[in-house]
Amino acid sequence: MEQLKQRILEDGTVKPGNVLKVDSFLNHQIDIAFMNQIGAEFARRFAGSPVNKILTIEASGIGIAAICAQHFDNAPVVFAKKSKSLNLDGDLCHARVESFTHKTVSDVVVSKKFLSPDDHVLVIDDFLANGNAAKGIIDLVEKAGAELSGMGFIIEKAFQHGGDYLRNAGIRVESLAIIESLDNCEIKIR
C-alpha cells in the first residue's frame, strides 16, 4: 500500500533495538481516515475469504481492528486480554505471548463464548516482528476450534522473520508494508 509506505517514511522514526515508531498515526494516536483506507485494503485483499470475526490482541490492535471490521460487514471484534479480570468467566482459552516491543510475556485470554468452532477468524494487528504474538493468537484460535481465515498486519518487519514462519506454516499473511531493514536508523521498505 503506497500511501502507508509513504507515511512510514515521512512520520516513522527508528529507535534502538530495531523499534519502528509510528505512534503519530498508528499505535498511540490513530489517524481514523487513514485507518479506514487500511480497513478497505484488508477487505480487498481478503475478499472471498470467509470472515465472521476479527481477532486481535490488547492493546494497540483494538482500535485498528475495530475500524477494519466495518469493512467486513461489521464483523465483531474479539480481543485477547493480557490479564484475567473479574468479569471474565466461563470457558476460556489461554496462550502465552511474548512481546517484542515491551519485552514481556503475557498469558492472553479469550472467552469461548466469543470464539467458537462456528467462527472464521481474521487476525488484524499493527505489527508482525518475530511472530510470537501471532503464534499465541493462532493457539487461541485452535483451542477454540475456530477456523483461521488469515492474518493481516499493517507493518511487517521482514528481517525478524515472523512472516516467514507463518507463511511456511501455510497461513495466509497479508502485510500492507514490509520493512526490509532498519539498519543505521534508515527505514528500507520492500
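This is a short tour of the structure, stop by stop, with something to select at each one.

Before you start, note that this is a predicted model, in which local features need pLDDT of at least 70, side-chain atom pairs count only at pLDDT 80 or more, and totals for chains, interfaces and linings use all residues. Residues are numbered from 1 along each chain as its sequence is written, and side-chain values use heavy atoms, with hydrogens and water left out.

**The whole chain**

Show the protein chain as a cartoon: its secondary structure comes to six helices and 10 strands. Helices (H or I, at least four residues) and strands (E, at least two) are DSSP runs, numbered from the N terminus. The radius of gyration is 16 Å, close to the 16 Å that the globule rule gives for 190 residues, so the chain is as compact as a globular protein of that length. That radius is taken over C-alpha atoms, and the rule is 2.2 Å times the number of residues to the power 0.38. Along its principal axes, the C-alpha trace spans about 50 × 35 × 35 Å.

Colour by accessibility next, and 49% of the 190 residues count as buried. Here buried means under 20% relative accessible area, exposed over 50%, and partly exposed in between (1.4 Å probe, protein chains only).

**Helix 1**

Select residues 2-11, which form helix 1; Leu4, Lys5, Arg7 and Ile8 are buried there. Looking down the axis, you will find these buried residues within an arc of 165°, so they line one face of the helix. The arc is that of the directions from the helix axis to the C-beta atoms. On the face turned away from the buried side sit the exposed residues Glu2 and Glu10.

Now show what the buried side packs against: among the partners are strand 2 (19-21), helix 3 (32-45) and strand 9 (173-181). Zoom in on Leu4, which touches Phe25, Phe34, Ile38, Ile154, Leu176 and Ala177, leaving aside residues up to four places away in sequence. A contact means heavy atoms within 4.5 Å.

**The nonpolar cores**

Which residues have the most contacts inside the largest nonpolar core? They are Leu4, Ile8 and Ile38, in a core of 32 residues. Elements that each supply at least two residues of this core include helix 1, helix 4 (60-69) and strand 7 (120-128). For a second, separate core of 25 residues, select Val110, Val121, Leu140 and Val173, which are among its members. A nonpolar core is a set of buried Ala, Val, Leu, Ile, Met, Phe, Trp, Tyr and Cys residues joined through side-chain atoms within 4.5 Å.

**Salt bridges**

Switch to charged side chains: the whole structure has 13 salt bridges, each a side-chain nitrogen of Lys or Arg within 4 Å of a carboxyl oxygen of Asp or Glu.

- Lys5 and Glu2: the closest N and O atoms are 3.4 Å apart. Lys5 is buried at 19% relative accessibility, whereas Glu2 is exposed at 58%.
- Arg7 and Asp31: these side chains meet at 2.8 Å, N to O. The pair links distant parts of the chain, with Arg7 in helix 1 and Asp31 in the loop between helix 2 and helix 3, 24 residues apart.
- Asp91 and Lys112: this salt bridge is 3.7 Å, N to O.
- Glu41, Arg44, Arg45, Arg172 and Glu174: select these five together to see a network of salt bridges.

**Last stop: cysteines**

Select Cys68, buried with a relative accessible area of 0%, and then Cys93, buried at 2%. A search of the whole structure finds zero disulfides (pairs of cysteine sulfur atoms within 2.5 Å).
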